[in-house]
Amino acid sequence: MKGKYSGLYELIEEDSEAGEYFDSLPEYVQESISAREENINSFASLRDYAENLMRDDE
């Protein structure tokens with residue numbers, strides 16, 4: 001099932017692509033995303049949130 005999930009953990013459990021993407025992120029990004037996991041309900045929201053966090057590094 002692609003689309004909306006109840007949160008990050010359901011997303012990465014159900015969507016292997018999202019899980020692989022999450023695992024590839026730097027640890028600090030994973031921790032920040034995990035702290036707000038209820039706001040991550042799709043692969044797009046996961047990617048957007050991660051990109052915003054890493055944009056601050058540039």
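Student: In this predicted model, the axes of helix α2 (residues 16–24) and α4 come within 10 Å and cross at roughly 15 degrees. What makes α2 and α4 roughly parallel to each other?

Tutor: Angles under 35 degrees count as roughly parallel, and the axes of α2 and α4 cross at roughly 15 degrees, so these two helices are called roughly parallel to each other. The crossing in which α2 passes α4 is left-handed.

Student: Which residues of α2 and α4 meet?

Tutor: From α2, the residues E17, A18, Y21 and F22 meet F43, L46, R47, A50, E51 and M54 in α4. By class, this contact of α2 with α4 has seven nonpolar, no polar and three charged residues.

Student: Helix α4 (residues 43–55) also holds S45. Why does S45 count as buried?

Tutor: Buried means under 20% relative accessible area, and S45 has 18% relative accessibility, so S45 counts as buried. Leaving aside neighbours within four places in sequence, S45 is in contact with N39 and I40.

Student: How do you know that the side chain of S45 has a polar atom within polar-contact distance of the backbone oxygen of S42?

Tutor: The distance between the backbone oxygen of S42 and a polar atom of the S45 side chain is 2.9 Å, which is to be set against a cut-off of 3.5 Å for a polar contact.

Student: What does Q30 touch, not counting residues up to four places away in sequence?

Tutor: Q30, which lies in helix α3 (residues 27–35), touches F22, D23, S24 and L25 on that count.

Methods: Residues are numbered from 1 along each chain as its sequence is written. This is a predicted model: local features need pLDDT of at least 70, side-chain atom pairs count only at pLDDT 80 or more; totals for chains, interfaces and linings use all residues. Side-chain values use heavy atoms; hydrogens and water are left out. Helices (H or I, at least four residues) and strands (E, at least two) are DSSP runs, numbered from the N terminus. Contact means heavy atoms within 4.5 Å. Buried means under 20% relative accessible area, exposed over 50%, partly exposed in between (1.4 Å probe, protein chains only). A polar contact is a pair of N or O atoms within 3.5 Å; within protein, one must be able to donate a hydrogen and the other to accept it, and residues adjacent in sequence count only if both atoms are side-chain atoms. Axes are lines fitted to C-alpha atoms, for helices over the stretch in contact, and angles run from 0 to 180 degrees between N-to-C directions. Angles under 35 degrees count as roughly parallel, over 145 as roughly antiparallel, 65 to 115 as roughly perpendicular and the rest as oblique. A crossing is left-handed if the near helix is turned anticlockwise from the far one by less than a right angle, and right-handed if clockwise. Ala, Val, Leu, Ile, Met, Phe, Trp, Tyr, Cys and Pro count as nonpolar, Asp, Glu, Lys and Arg as charged, and the others, Gly among them, as polar.
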